[in-house]
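Trainee: I should like to learn how to read a structure of this kind. May we go through it one feature at a time?

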Amino acid sequence: MNLKLRRLVRTPHSEQFALFDLDQTDASYNPISIGKLDLHYTADAIYGTFLLWHKAVEGIPEDQVRQLVEVTLQELCEPMGIPAFYAIEFFAPHLSTYALHSNEEEDDDAVEQAPQ
């Protein structure tokens, strides 16, 4: 897995990232979405949720998934001097249960679809 993060949102105390695997592409050669990461910063710690779509982690040993989470957090936090303590919840939901709810008006050319 060749993980790429794309920041979607940044506030003074939180960030949200889309996660992609550069080793997997769709029919248009775009990297496949494999999950998302939400981080919330306090003065003493980082809290958040690390989601990897079930299909992305199916067959990967639990210790490798844990290592992926830890390495990703180290890369995001250490250069910024963020506290070393973190509590990150990990989930691997099925995409069949994914939905995006928004009050933004729907544009016929930009209908939001579940990641692949």
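Trainee: Is E15 buried or exposed?

Mentor: One compares the relative accessible area with a cut-off, and under 20% a residue is called buried. This is a predicted model, and in it E15 has a relative accessible area of 5%, so E15 is buried. The residue lies in strand β2.

Trainee: With what does the side chain of E15 make a polar contact?

Mentor: The partner is the side chain of R7, at 2.6 Å. Leaving out residues up to four places away in sequence, E15 also touches others, including V9, L37, L39 and Y41.

Trainee: Which residues have the most contacts inside the largest nonpolar core?

Mentor: In soluble globular proteins, nonpolar side chains tend to be buried together. Here the largest nonpolar core has 17 residues, and L37, L39, F50 and L52 have the most contacts inside it. Two or more residues come from each of β2, β3, β4, α1 and α2, and α2 gives the largest share, five residues. As for L37, its contacts beyond four places in sequence include L5, F17, L19, F50 and L76.

Trainee: Which residues of α2 are buried?

Mentor: They are V65, V69, T72, L73, L76 and C77. These residues cover an arc of only 115° around the axis, and therefore lie on the same side of α2. D63 and E75, on the other side, are exposed. The cover over the buried residues includes β1, β2, β3, β4, α1 and β5.

Trainee: Which element has the lowest mean pLDDT, and which the highest?

Mentor: Where pLDDT is low, the predicted coordinates should not be read in detail. Among the elements, strand β5 has the lowest mean, 83, and strand β1 the highest, 94. Over residues 110-114 the pLDDT is below 50, and this stretch has three contacts in the model beyond near neighbours in sequence. The protein averages 83, with 85% of the residues scoring at least 70.

Notes
Residues are numbered from 1 along each chain as its sequence is written. This is a predicted model: local features need pLDDT of at least 70, side-chain atom pairs count only at pLDDT 80 or more; totals for chains, interfaces and linings use all residues. Side-chain values use heavy atoms; hydrogens and water are left out. pLDDT is the predictor's confidence in each residue, from 0 to 100. Helices (H or I, at least four residues) and strands (E, at least two) are DSSP runs, numbered from the N terminus. Contact means heavy atoms within 4.5 Å. A nonpolar core is a set of buried Ala, Val, Leu, Ile, Met, Phe, Trp, Tyr and Cys residues joined through side-chain atoms within 4.5 Å. Buried means under 20% relative accessible area, exposed over 50%, partly exposed in between (1.4 Å probe, protein chains only). A polar contact is a pair of N or O atoms within 3.5 Å; within protein, one must be able to donate a hydrogen and the other to accept it, and residues adjacent in sequence count only if both atoms are side-chain atoms. The arc is that of the directions from the helix axis to the C-beta atoms.
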